[in-house]
Amino acid sequence: MSRGSEIPDSSVGLVETQSVTFRGAEWVLQLESGKTLHPVTVAYETYGRLSPQKDNAILVCHALSGDAHAAGYHTGKPGEKPGWWEMLIGPGKPLDTDRYFIICSNFLGGCKGTTGPADIDPATGRPYGLNFPFYTVRDMVQVQKWLVDYLGIHRLLAVIGGSLGGMQALQWPISYPEMVLGAIPIAATARMSPQAIAFNEVARQAIMSDPSWNYGLYKPDQQPESGLALARMIAHITYLSENAMLRKFSRRMIDGTERGFKLGADFQVESYLHHQGSTFVKRFDANTYLYITRAMDYFDLHLDYGSLKNAFEPCKSSFLVISFTSDWLFPPSQSQELVKGLRQADKNVSYCNIGSDQGHDAFLLPGNRMGDVVSGYLTRLEREDRRAGK
């Protein structure tokens, strides 16, 4: 990693997205849907250095619209935005790259370098589209396990993620109990509520109702932009809270206090949502959005294991569960349900419900105590690991 003149000292500097392709008979991915996928390419980034004992690795799992670029900069040019968790990853930050080796991969089914619906199907020479097999969070974690093995790491100090990333952080110690020392699910849930599934379905229908969607057969440069933008606008409402909207926008109009007497954007909150939609279509694939939201819908630890107690019993890790008071998409009650299941399974669990008016998106935003809570937990993990090794 290097550092450009415009990059702050608190950043990991210039980084590059890497990739690895798993091909061959031993790398045929057996999906929960009963389908198979082969070959599988994974895009990933790493920050910091792996210790000689290979005991300081932390896996960061991203949410729905994230990717492998969690920290640092790709070009260092003025105006470039850093990775999506820049506030948390870097020297001296909670995920301290002077102490930890941080890994973040674009998960299975993504559209930022890891095999997904937008990629070329080797059987046809055309994009997979709706021929891409359905996958689950458990399948995502299996591919992440391949990557961790490829990097020569036999145990992770911690797995951390928010929202869909938190679902992955929950699945990791269940699927691979010997590999995870600590799990940090943030703003997560053991299963989506009917309300959350309903929002996902409306977003999917927005995409599929766009004539340009063409049953998933659109060309890469002709995707259903109107439908995808609308899906993003719908989802983004669920990421905020009423107080956050009041603080950011209130009822302010774009042109001062004058009503426009029009059907176009007249209020600042409308303009904000339109901006979110228009920028999203430039970096995301519509079919990918359909598949990812369905993977979230299917995540259900109760169904898969019979109960949360059963799900967590094999786990050997400790847990830090974090929620936010104003999150109404994955509310604190759902995190508390996780904590209850972990305690029933007699697991070591800490819980912190952080006061914030930022809604579900709080785990991506500064201005709350999340970083301090994560940092304290990781320090404790290291201390306990050293004691266990003596």
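Tutor: Let us begin with a term: helices (at least four residues) and strands (at least two) are DSSP runs, numbered from the N terminus. In this predicted model, the protein chain has 11 helices and 14 strands.

We turn now to the largest pocket. About 1400 Å³ of space lies within it, and 46 residues form its lining. Those nearest the centre of the largest pocket are Ser 65, Trp 84, Arg 232, Arg 283 and Leu 364. Of the elements, α4 contributes the most, with six residues. When the lining of the largest pocket is sorted by class, 22 residues are nonpolar, 15 are polar and nine are charged.

The second largest pocket holds about 410 Å³ of space. Its lining consists of 26 residues, and Pro 117, Ala 118, Pro 127, Gly 129 and Tyr 218 are the closest to its centre. By class, this second lining comprises 10 nonpolar, nine polar and seven charged residues.

The pockets may now be set against the chain as a whole. The C-alpha trace spans about 75 × 50 × 50 Å along its principal axes. The radius of gyration of the protein chain is 21 Å, which agrees with the value near 21 Å that a compact globule of 390 residues would have. Of those 390 residues, 55% count as buried, where buried means under 20% relative accessible area. The protein chain exposes about 17400 Å², and carbon and sulfur atoms supply 51% of this area. As for contacts between residues at least 6 apart in sequence, 72% join residues at least 24 apart.

Tyr 176 lies in the loop between α2 (164-175) and β12 (180-186). Leaving aside neighbours within four places in sequence, Tyr 176 is in contact with Val 141, Gln 142 and Lys 145. Tyr 176 and Ala 190, in turn, are 14 residues apart in sequence, and their C-alpha atoms are 17 Å apart in space.

Conventions:
Residues are numbered from 1 along each chain as its sequence is written. This is a predicted model: local features need pLDDT of at least 70, side-chain atom pairs count only at pLDDT 80 or more; totals for chains, interfaces and linings use all residues. Side-chain values use heavy atoms; hydrogens and water are left out. On a 1 Å grid over the protein atoms alone, a cavity is a set of points where a 1.4 Å probe fits but cannot get out, and a pocket is an open set with protein on both sides within 12 Å along at least five of seven lines; lining residues have an atom within 4 Å of a point. Grid points are joined across faces, edges and corners, and a volume is the space filled by probe spheres set on the points. Ala, Val, Leu, Ile, Met, Phe, Trp, Tyr, Cys and Pro count as nonpolar, Asp, Glu, Lys and Arg as charged, and the others, Gly among them, as polar. The radius of gyration is taken over C-alpha atoms; the globule rule is 2.2 Å times the number of residues to the power 0.38. Buried means under 20% relative accessible area, exposed over 50%, partly exposed in between (1.4 Å probe, protein chains only). Contact means heavy atoms within 4.5 Å. Accessible areas come from the Shrake-Rupley method with a 1.4 Å probe; for residues, only the protein chains shown count as cover.
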